[in-house]
Every structure is written in structure tokens, then in C-alpha cells.
Amino acid sequence: MSHLLRTIIADDEPLARQALRRFLAGHPDVQVVGDADDVPSLRARLLENRADVLFLDITMPGGSGLDVLPELPADLALVFTTAHAEHAAQAFAVDAVDYLVKPFGAERVRDALDRVRRRRASVAGVAGGETLLVRLGARLHAVPLATVWRFEGADDYVRIVTATREWLHTDTLDALTRRLDPTQFVRVHRRHLLAWRHVQRFEQQGDRQLAAVFPDGSRVVCSRDGATRVRAAARLGGR
């Protein structure tokens, strides 16, 4: 069997928790390890159990589900389950995997779990320090991280640039920045994450800025904050 998805359900409505348990029971790789009906009990479940997935309602007694976001592990997959569609933008701003608006059924839960599985497959490649999985039609293709020159972020995907071609990856630049080794990759702009090993040199660019120059002559201009990070890393021996 594939790796179990250890799951916590947080919802103040008993019928909603029961329905979600029923939907999840149809997936052999999902194990519900706890549930919570308010924010304090959710905090307790998170401390008691190592979870891979959290199905999180927003409006609950004892606070808001949003209150626990700063406390969640970086590798926990977050799926919102709520009757309030207006929080969707905020949910995806914190890198939620999916946003289920009540009432939802087994099919939407299945779609959310498929997203979780794809995210975990991608993270496994990054964490292994070897490959990043990208989708080409119905197939996944492994891009060796050692070949990646840079990542360029857009609204809901990332462009992966290598010496020979470009790929589109359905992830966010913020998520990749958190997962990748900062001694190998540096965030130089809100839209650019660069691989140290492939930058030929940094050149002065205007007032307090730098430009990263790649082997083909292409350039990426660092923001002022990005230039500061590059200089700090250079002083600390990070390059």
C-alpha cells in the first residue's frame, strides 16, 4: 500500500464530521487519526497526532480555524471545508491544497485527496534532493533538480527553466521556496528563485540591486531585498 495519509477532521458540526469520515472511508490510503469540534481541541489533536492532511472548517467555537494556521507544520496538506466561499482567496494565499464549499460530496473529497497525493509526490522528489515531478498530459515527468537554473512564479503555477527547455509546474513559488535547500536555491525576487550553481556571476544593477547572469547570457534582476539576501549568503559562505 502507498503511504498512509494520516488525517485530522476539524468541524463543529457532528453530521459534517460523520459525512467526511464516510467519504474518506472509501480511500484505503487514508487513516483518520483524530477529529475536533472546536479550536482548543484541534490544537490538542495536532499535538497528539502527526498528521499529513487537515480538513479544516473556518467557523468553530473557541476562535477561527484560521487562527491555527501559523502553528501548522510546513508539510501538512491543508484542505478547507466551509460554508463560506468568501475565504477562498485567503485559503490559497496560505498554500491550501483545496477549498471545499459545503455542501460537498464524495467526488469533491476524492478530487481534494488526488491533489494531496500529487503534492506529496512532488514534495517527495524535492525532499530527496534529486527530482521535481511535473505533469505532462496524463504522465508525471521527473526533472532533475541539478539541471534547474531557476523557477519563475506566476499566479497558480511555476515555470521551471533548465539549459535545454522549460516546464510548467502546478505549485507556488512560496511553497517551493520553503521546500528547497536554501544553500542551493536563493529567492531573489517575489517571482524568481535561482539555483546558485548555475549563476555565472552577479552584476551591479542600478542602486543597491544585482542582476544574476546565467550561462546563456540571460539575466534576472534581483529586488533590493533579494540582493540583500544574496550578499548576506555570500558573506556567510552560502555560495
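Predicted model: local features only at pLDDT ≥ 70, side-chain atom pairs only at ≥ 80, totals over all residues.

The dialogue below takes up sheets, cores and aromatic rings in turn.

Me: In which order do the five strands of the parallel open sheet lie?
Reply: Strands (E, at least two residues) and helices (H or I, at least four) are DSSP runs numbered from the N terminus, and two strands pair if DSSP finds at least two bridges between them. Here the order is β2-β1-β3-β6-β7, with parallel pairing. β2 and β7 (98-101) are the edge strands, each pairing on one side only. From one strand to the next, the twist averages 20°. β1 and β2 are joined in the parallel sense over six bridges, and T7 stands opposite V32 in β2.

Me: Which strands does helix α1 touch?
Reply: Contact means heavy atoms within 4.5 Å; axes are lines fitted to C-alpha atoms, for helices over the stretch in contact, and angles run from 0 to 180 degrees between N-to-C directions. Helix α1 (residues 14-24) packs on the sheet and touches β1, β2, β3 and β6, its direction making about 170° with that of β2. α2 also packs on the sheet, touching β1, β2 and β3, at about 140° to the direction of β2.

Me: How many residues does the largest nonpolar core have?
Reply: In soluble globular proteins, nonpolar side chains tend to be buried together. A nonpolar core is a set of buried Ala, Val, Leu, Ile, Met, Phe, Trp, Tyr and Cys residues joined through side-chain atoms within 4.5 Å; buried means under 20% relative accessible area, exposed over 50%, and partly exposed in between (1.4 Å probe, protein chains only). The largest core has 21 residues, and L42, L54, L56, L78 and F80 have the most contacts inside it. At least two residues come from each of β1 (5-10), β2 (30-36), α2 (39-48), β3 (53-56) and β6 (77-82). α2 gives the largest share, three residues. Leaving aside residues up to four places away in sequence, L42 touches I8, A10, A36, L54, L56, M60 and V68. A second, separate core of 17 residues includes I9, V79, L113 and V116.

Me: How many aromatic pairs does the structure hold?
Reply: A pair of aromatic rings is described by the distance of the centres and the angle of the planes. Rings of Phe, Tyr and Trp (its six-membered ring) pair if their centres lie within 6.5 Å; planes under 30 degrees apart count as stacked, over 60 as edge-to-face and the rest as tilted. The structure holds four such pairs. One of them, W149 with F214, is stacked, at 5.7 Å centre to centre and 10° between the planes. W149 lies in strand β10 (residues 148-153) and F214 in the loop between β16 and β17, so the pair ties together parts that are 65 residues apart in sequence.

Me: Is F214 buried or exposed?
Reply: F214 is buried, with a relative accessible area of 0%, and W149 counts as buried at 7%.

Definitions and conventions: Residues numbered from 1 in each chain as written. Heavy atoms only, no water.
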